[in-house]
Structure formats: C-alpha cells, structure tokens
Amino acid sequence: MGFGNGTSLLEDLIDKAGGCAVIDGGFATQLESHGASINDPLWSALCLIKDPELIKQVHLEYLEAGADILVTSSYQATIPGFLFRGLSLEEGESLLEKSVKLAVEARDKFWDTIRNIPGKSYNRALVAASIGSYGAYLADGSEYSGCYGPEVNLDKLKDFHRRRLQVLVDAGPDLLAFETIPNKLEAQACVELLEEENIQIPSWICFSSVDGENAPSGESFKECFDILNKSEKVNAVGINCAPPHFIESLVCKFKEVNSFKRRADNLESVVQIKSVFQK
C-alpha cells in the first residue's frame with residue numbers, strides 16, 4: 001500500500017488525535033432519529049433529494065460529539081440509482097457533488113465556530129467521500145454475501161464505480177472511503193480505478209465480514225490484501241458493517257496480511273471505532 005504525500009494528511013490527523021482518530025457514526029441511524037423516512041433503494045442518499053439540510057445537521061452533530069472524520073452521505077448515492085428514480089445524469093452528478101459540499105460546509109462552519117474558543121480540543125475534521133459497494137446499489141443484501149452473479153466481471157464493476165469516483169473527487173473531499181467491499185473482485189476494481197484515474201488524495205478500502213474470518217464472499221482476507229498490498233494508491237484498510245465482537249480478531253488478522261505493518265497500528269483505532277459506531 002502506498003505512502004505518498006497525500007497519506008500525510010491522514011497520518012497527521014491521527015497524530016494530532018493522539019493516535020486514535022474518531023470517524024463519525026451510523027449516518028442513516030441518526031437521520032432516522034430525526035424522523036427521516038429512508039426505506040428506499042437510495043437509503044440515506046434519499047435525503048440528498050428530500051432534506052439536504054438534515055444531512056448537514058447530522059454532520060454537525062457528529063462534529064460536536066468529537067468526530068475527526070466526516071463520511072459523506074454518498075454511500076448509496078449512485079448515478080444508476082438516481083437515473084432509475086427518473087433524475088437526469090446532470091441531476092445525479094449534482095447530488096453526488098452536494099454530498100461532499102454539505103460535509104465540507106458543516107466541517108468549515110463548525111471549525112470556524114470553535115477553533116479559537118479556549119479549552120476546546122477539537123481537531124479540524126477531514127471529509128471522506130463515501131463510495132459504497134456495487135451490492136449497496138443493488139439493495140438486495142449482496143454487500144453481505146459478495147455474490148454478484150456470473151455476469152458481473154471486473155470491467156462491469158469498474159464501469160459502475162468510475163463516474164461516481166470522478167465526480168466525488170472533483171467535488172473536493174480530503175479522502176476517499178470505499179465501504180462494505182465484500183469480495184476480492186470489487187477490491188481489485190477499486191484499486192485499478194484509483195490507478196487508472198491517477199487519484200491523488202488518500203483513500204481507504206473497508207471490507208465487511210459476516211463470520212469474523214473471511215470476506216463475505218468466503219475469500220480469505222489474505223487473497224484480498226494480495227491485491228491491496230501492491231497498490232501505491234490505497235493508503236489504509238479497514239472494517240465496517242461487521243459485528244463489534246469480530247473487530248479485535250479482524251484487526252489482528254489484517255495486521256498479519258498487511259505488508260506495510262507501520263500503518264496497521266494507526267488503523268486499529270480508526271477501524272474499531274467506526275465498526276462499533278455503525279453497529
């Protein structure tokens with residue numbers, strides 16, 4: 001995995017946070033606590049259309065709670081998903097851009113408010129653009145099985161993710177967060193896209209796990225990491241949407257198969273908190 005100049009942005013934040021950076025918690029859960037109805041294939045991304053100010057409010061709430069990293073509301077926001085809903089390509093791309101803009105605006109507003117207040121120990125948060133798996137778009141639970149069917153190959157997954165990746169990067173986030181990746185094939189698609197698009201901001205890839213041992217597809221994490229370890233564009237790895245009691249053993253397993261051991265210690269704190277929050 002790579003450790004170019006862009007990585008220092010993430011490493012600096014972790015150092016400033018005392019070696020333990022806090023990622024925000026379950027976004028959909030917090031939206032629902034405010035009365036949002038998101039029983040929809042777009043899930044939390046539905047609020048990009050119906051109530052963007054609520055998205056900003058939730059970002060602010062997590063910042064006030066001490067989050068060092070905000071993850072955008074784009075996890076299930078995809079261009080095919082927006083097109084299926086009847087939106088135009090331009091409208092769909094605009095909503096992806098808005099997901100980053102809302103997080104950046106919330107971060108900047110919060111930082112401007114508290115940066116000079118004596119006794120406050122907040123860090124200036126980073127914004128990570130969320131890129132959910134292909135299974136999240138399908139909304140059929142396949143992000144927890146990794147079974148996309150024989151017709152889904154590497155090129156199809158890259159075609160699915162490419163334009164969303166381009167739009168999100170152009171919107172100006174600090175980081176990219178590939179989330180709930182369930183199999184080796186999609187991990188490879190993410191890695192190859194980062195290379196092909198020459199992405200210059202730090203990125204992480206988070207896997208899910210349903211058994212605490214392997215990826216949901218049944219493939220070993222060693223197989224998945226064999227791909228990631230060759231990349232200069234993947235700066236961190238993690239776990240999300242996994243039961244909390246699996247986290248410690250999974251972090252230990254990730255350390256074993258991660259060829260860049262010096263990143264693993266920092267990752268443990270980031271990954272573990274996110275997983276517990278999202279449960």
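Is F160 buried or exposed, and what is its relative accessible area?

Reply: F160 is buried, and its relative accessible area is 11%. This value, like those that follow, is computed from a predicted model. The mean pLDDT of the protein is 89, with 90% of its residues at 70 or more. Where pLDDT is low, the predicted coordinates should not be read in detail.

The ring of F160 pairs with that of Y137: the centres are 5.2 Å apart and the planes stand at 35°, so the pair is tilted. This pair joins distant parts of the chain, since F160 lies in helix α8 and Y137 in helix α7 (residues 134-138), 23 residues apart. Y137 has a relative accessibility of 27% and counts as partly exposed, whereas F160 is buried. The two rings belong to a cluster in which ring pairs link Y134, Y137, Y148 and F160.

Helix α8 comprises residues 154-170 and also holds K158. Although its side chain is that of a lysine, K158 is buried, with a relative accessible area of 7%. Apart from neighbours within four places in sequence, K158 contacts A189, E192, L193 and E196. These residues fall within helix α9, which spans residues 184-196.

Helix α9 in turn packs against helix α10 (residues 221-228), at an angle of about 10° and with the axes 9 Å apart. The two helices are therefore roughly parallel to each other. On the α9 side the contact is made by K184, A187, Q188 and V191, and on the α10 side by E223, C224, I227 and L228.

Returning to α8, this helix lies across β2 and β3 (175-181), and runs at about 165° to β2. Both strands belong to an open sheet of five strands in the order β1-β2-β3-β4-β5, with parallel pairing. The edges are taken by β1 (69-71) and β5 (236-239); each has a single partner strand, so one side of each is left without a neighbour in the sheet. On average, and ignoring direction, neighbouring strands of the sheet are turned by 25° against each other.

On one side of β2, the pairing with β1 is in the parallel sense over three bridges, and β2 itself covers residues 126-132. Within this pairing, V71 stands opposite A128 in β2. Helix α6 (residues 89-114) packs on the sheet as well, touching β1 and β2, and its direction makes about 155° with that of β2.

Strand β3 pairs with β4 in the parallel sense over four bridges, and A177 stands opposite W204 in β4. All five of the five residues of β4 (residues 203-207) are buried, so this strand is largely enclosed by the rest of the structure. The burial extends to both faces of β4: S203, I205 and F207 are buried on one side, and W204 and C206 on the other.

G212 counts as buried, at 4% relative accessibility. Leaving aside neighbours within four places in sequence, G212 contacts F246, S249, L250 and K253. G212 and F254 are 42 residues apart in sequence, with 11 Å between their C-alpha atoms.

The model has 11 aromatic pairs, among them W43 and Y75, which are edge-to-face with 6.0 Å centre to centre and 70° between the planes. This pair, too, links distant parts of the chain: W43 is in the loop between α2 (27-33) and α3 (46-50), and Y75 is in the loop between β1 and α5 (79-84), 32 residues apart. W43 counts as partly exposed at 36% relative accessibility, while Y75 counts as buried at 10%.

How values were computed: Residues numbered from 1 in each chain as written. Predicted model: local features only at pLDDT ≥ 70, side-chain atom pairs only at ≥ 80, totals over all residues. Heavy atoms only, no water. pLDDT = per-residue confidence, 0-100. Buried < 20%, exposed > 50% of the residue type's maximum accessible area, 1.4 Å probe, protein only. Contact = heavy atoms within 4.5 Å. Pairing = 2+ DSSP bridges. Axes fitted to C-alpha atoms, helices over the stretch in contact; angles between N-to-C directions. Phe/Tyr/Trp six-rings, centres within 6.5 Å; stacked < 30°, edge-to-face > 60°. Parallel < 35°, antiparallel > 145°, perpendicular 65-115°, else oblique.
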